[in-house]
Amino acid sequence: MRAKVFALRMGNDYLDDAVLYTTLRDARQAFMQAATELARYGQAIEATIHMADTPDHIVEYPDYTLKLSEHGRVIMDRVY
């Protein structure tokens, strides 16, 4: 299955509140922007990306976890 929807869930947000993107790159970039802004104020955030064929098929278990490194790069780990 090739995912058509990438749901970005940040912090303690509910999955229903996740923002949908059409590419993994766009979801990662959105996280980077938010995490970089928070890092400027000494705050950190983590996120997950949930991939699905349609928005109705998004499940609770994530496909990726994301966090910002101390050097300002996004660390994106695949969850197996």
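Author: The model is predicted, with local features requiring pLDDT of at least 70, side-chain atom pairs counting only at pLDDT 80 or more, and totals for chains, interfaces and linings using all residues. Residues are numbered from 1 along each chain as its sequence is written, and side-chain values use heavy atoms, with hydrogens and water left out.

Reader: Why is Arg9 called buried?

Author: Buried means under 20% relative accessible area, exposed means over 50%, and partly exposed lies in between (1.4 Å probe, protein chains only). Arg9 has 16% relative accessibility and therefore counts as buried.

Reader: What makes the pair Arg9 and Glu60 a salt bridge?

Author: A salt bridge requires a side-chain nitrogen of Lys or Arg within 4 Å of a carboxyl oxygen of Asp or Glu. The side chains of Arg9 and Glu60 meet at 2.6 Å, N to O, and the pair is a salt bridge. Arg9 lies in strand 1 and Glu60 in the loop between strand 3 (46-52) and strand 4 (64-68), so the pair ties together parts that are 51 residues apart in sequence. Strands here are DSSP runs of E, at least two residues, numbered from the N terminus.

Reader: Why is the approach of Arg9 to Glu60 also called a polar contact?

Author: A polar contact is a pair of N or O atoms within 3.5 Å; within protein, one must be able to donate a hydrogen and the other to accept it, and residues adjacent in sequence count only if both atoms are side-chain atoms. The side chains of Arg9 and Glu60 make such a contact at 2.6 Å.

Reader: How many salt bridges does a search of the whole structure find?

Author: The search finds three. One of them joins the side chains of Arg40 and Glu37 at 3.1 Å, N to O. Another joins those of Arg78 and Asp63 at 3.5 Å, N to O. This pair links distant parts of the chain, with Arg78 in strand 5 (residues 74-78) and Asp63 in the loop between strand 3 and strand 4, 15 residues apart.

Reader: How do you know whether Arg40 is buried or exposed?

Author: Arg40 has a relative accessible area of 60%, and is therefore exposed.

Reader: What makes Asp63 count as buried?

Author: The relative accessibility of Asp63 is 17%, so Asp63 counts as buried. Arg78, at 35%, counts as partly exposed.

Notes: Helix = DSSP H or I, 4+ residues; strand = E, 2+ residues; numbered from the N terminus.
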